[in-house]
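Q: I'm new to this one. Could you walk me through how to read it, one feature at a time?

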Amino acid sequence: MIQLRPIYVICLREFIKFFREKSRLLGTLARPVLWLFVVGNGMSSLIPPRDGFSYLQFIFPGMIGMTILFSSIFSSISIVWDREFGFMKEMLVAPISRLSIVIGKAVSGTFISVAQAVIILVLIPFLGIQITVMQFFEVVAVAILVSFCITSMGILIAAQLTSFDGFNIIMNFLVMPMLFLSGAMYPVTSMPPALRHLTQINPLTYGIDAFKHVLLRNGTPPLGPEFPLALDLLVVTAISIIMLTLAALSFRKKE
Amino acid sequence: MIIKVQNLSRQFKSLTAVDNVSFSVEEGEVFGFLGPNGAGKTTTINVLCTLLAPTSGNASIAGFDCRAQPDQVRSSIGLIFQDTTLDTGLTAYENLKFHAYLYNLDRKLAEKRIDEMLEVVELTARKRDLIKNFSGGMKRRLEIARGLLHYPRVLFLDEPTLGLDPQTRNTIWEFINTLRQRERITVFMTTHYMEEAENCGRIAIIDHGRIIAEGTPAKLKELVRGDIVRISTDDDPKAIAEIKGTFDIIARNENGGLFLETERGEEFIPKLIHSLSMRTRSVSLEKPTLNDVFLKLTGRTIRDDVLRDDKEVTREFVRSHRRAQR
C-alpha cells in the first residue's frame, strides 16, 4: 500500500517547485517579520513585560505557529491546484496507491513548513531571546509535529474542494480564525468562554503552546505556556493521526 | 485480444454515459472511437484506465481485469488525456523522471529511456526547459513520450490533437505512427475529428453512449451509398417535395441547405438543377467521408454539434472533465 519511490518523487517535486518559486518563500517569511516588528513593537507599548518576557517575545512562538499554518495549508491546497491543472491525473492513473499520494503530500508539506519555521528562528537575536542547541532541536521536533498535523488537515480539506472557489472561504473562515483563536497574539485562557471553547478545539493552540514551553521556558500565564506540555503533544499527535486517516479515506473516495 | 469490453455500462445519476458497449481490439491495432462531444468516449477511456468503476459489464486490458486488477492494468497502459497533465513548473526531464519513478522504472534504465524518448519526439534540446515555455504541440509530443516511457502495451489517446492547428496535428500523427511501429503497441483513441479518425485501422462510431457502427474507415463509408450532393435553393421545403417527386430521393435539411445521397453525383447535378422550378443558389458534390457516415446513422453531423452548441458543448466538456476527476 505504501510505496516509497512514488512518495519520494512526489516529495522531490514539491521541493523543486518550492525552491523555484522565490516569491512564495519571500511571502511566507515577510508575514511573520511584519507581525513581529510592526504589530509586536506597537503592542509592546500597551502590554508591560512579565516574568522577564516582553510582548514581542511572547508572540514569537505564535509567529512560528503562523508560519507553519500558512505554509502547511498552502502546500496541501496544491492538491486542488494539481487537480485543476490536470497533473493529479498523472498520479491517479499510475500504479500507485492513493495512500502513497496522500503520504507524499503530507511529508513534503511538513518538510517545507519545518524549513520555513527554522528560517524564522534567525530572528531570535533581534528579539532578545537566547536559545541553546538543545532548545533548537526541541523547536524543530515540535515544528515537525505541528506541521504534519496542519498539513494533514489541509489535505483533508483539499480533498473536499473541487475548485479554487473554495479557497477564499477556507482562508477567511478557517485559516484566519485558527490563527486568531490559537493564543498566537493573546493568551487564550483569559478569553470569553465562547471563544475559549473554540480555542480548545484548535490544534494550533496546542502547537503554539508547545513552542511557548520550549522558547519561553520559565514563563507563566498569561504570557507563558498555558497547558501542560504533555497535553500539547498528545493533542497534536492525536489530531494528526485522525486528520491523516480521514484525508486518506476521503481521498480514496473522491478521486 | 488485448482490449476486451463486454456489455459495459456506466451511469452518472440519471445519465447513462456508456450504454451496453461491447468491442475488442487486437494487439497492434489502431482502434478509434469516433463521436461527438458527450457521446461517452472519455467515460469509456476512464473506465478502461481504471479511473472509473463500470456500473455493469466487464473490461480487460492485456488479460487484466480493469476492476479487479487496477495496478496491473495501469502498468500496461500509457495515457494521453484531452487536457495536458504535465506539470508546467517542472522541466521536460523532471516530468519524465517523475513518471519513471511512479511506474517504478529502474533508475539507469529510466535515464536511458528518457533520453531515447526525448530524441524520438525531437525535444532533446529542450530537456532542461520548463514546460511553461512549451507550445501546445511540444507539450503533446512530450506527453506522448511520457505515455510510452514505461513500455506500456496499449496507448490511450483521448482527443490527442484537440486544440492544435492542422499542421501540428499532422506532425503529432507522424510521431504517433513512428512510435507505434517502433514500440509495437496497440493504440486506442477517441476523436471527433473525421480526418483524424482516418488514421485508425478500425473505428467504432459512438453516439449517446452506444456503438452504432464498427469497421474499417473504408467499410464504414460504404454505408453511405453513393455521393453527397449539397444544394441550396430559394425555396428549400418546396425543393424537397420536387426532388421526392422527380427522383424518389429524400433530401434532408442540414446547415441551412439540403443534403441528399445519390449514385454518380457529377451526372446527377445537371439533371437536378434542370428539374427544380426555383432558382438554385449553390450546389456542391462530395465523395463520402466519415462525417457523412455519422450523419447517415444519426441524422446529425459531428461538427454540427460543435458549431451549433458551442457553449453547451463546452459546458458538457467541463462536466465530463470534472466527473472524470471525481
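A: Let's start with pLDDT, the predictor's confidence in each residue, from 0 to 100. Helices (H or I, at least four residues) and strands (E, at least two) are DSSP runs, numbered from the N terminus. This is a predicted model, where local features need pLDDT of at least 70, side-chain atom pairs count only at pLDDT 80 or more, and totals for chains, interfaces and linings use all residues. Residues are numbered from 1 along each chain as its sequence is written, while chains are lettered from A and ligands numbered from 1 in the order in which they are written.

Q: Which elements of chain B have the lowest and the highest mean pLDDT?
A: Helix α13 of chain B (residues 310–325) has the lowest, at 52, and helix α3 of chain B (residues 92–102) has the highest, at 96. Chain B as a whole averages 86, and 92% of its residues score at least 70. Over residues 306–313 of chain B the score stays under 50, and the model has five contacts beyond four places in sequence for them. Two residues are in contact if their C-beta atoms, placed from the backbone, lie within 7 Å. For the complex, the predictor gives an ipTM of 0.88 and a pTM of 0.82.

Q: How many helices and strands are there in chain B?
A: You'll find 13 helices and 14 strands there. The C-alpha trace of chain B spans about 75 × 45 × 35 Å along its principal axes.

Q: What does chain A bring to its contact with chain B?
A: Chain A puts in 22 residues, and chain B puts in 22 residues. On chain A's side, α1(A) gives the most, with eight residues. By class, that side has twelve nonpolar, two polar and eight charged residues. Here Ala, Val, Leu, Ile, Met, Phe, Trp, Tyr, Cys and Pro count as nonpolar, Asp, Glu, Lys and Arg as charged, and the others, Gly among them, as polar.

Q: How do I read a nonpolar core?
A: In soluble globular proteins, nonpolar side chains tend to be buried together. A residue is buried if 20 or more other C-beta atoms lie within 10 Å of its own, exposed if 12 or fewer, and partly exposed in between, with C-beta atoms placed from the backbone. A core is a set of buried Ala, Val, Leu, Ile, Met, Phe, Trp, Tyr and Cys residues joined through C-beta atoms within 7 Å. The largest one here has 140 residues, and A:Leu69 and B:Phe156 are among those with the most contacts inside it. Helix α3 of chain A (residues 55–84) gives the most to this core, with 16 residues.

Q: Why is α3(A) described as largely enclosed?
A: Because 28 of its 30 residues are buried, α3(A) is largely enclosed by the rest of the structure. α3(A) also bends by about 30 degrees at A:Pro61, where a bend is the angle between axes fitted to the seven residues ending there and the seven starting there.

Q: What about phi?
A: Most residues other than glycine have a negative phi, and most peptide bonds are trans. B:Glu122 has a positive phi of about 55 degrees although it is not a glycine. B:Glu122 sits in the loop between α4 (107–120) and α5 (136–147) of chain B, and is partly exposed, with 13 other C-beta atoms within 10 Å. B:Arg184, not a glycine either, has a positive phi of about 50 degrees. B:Arg184 counts as exposed, with 10 C-beta neighbours inside 10 Å.
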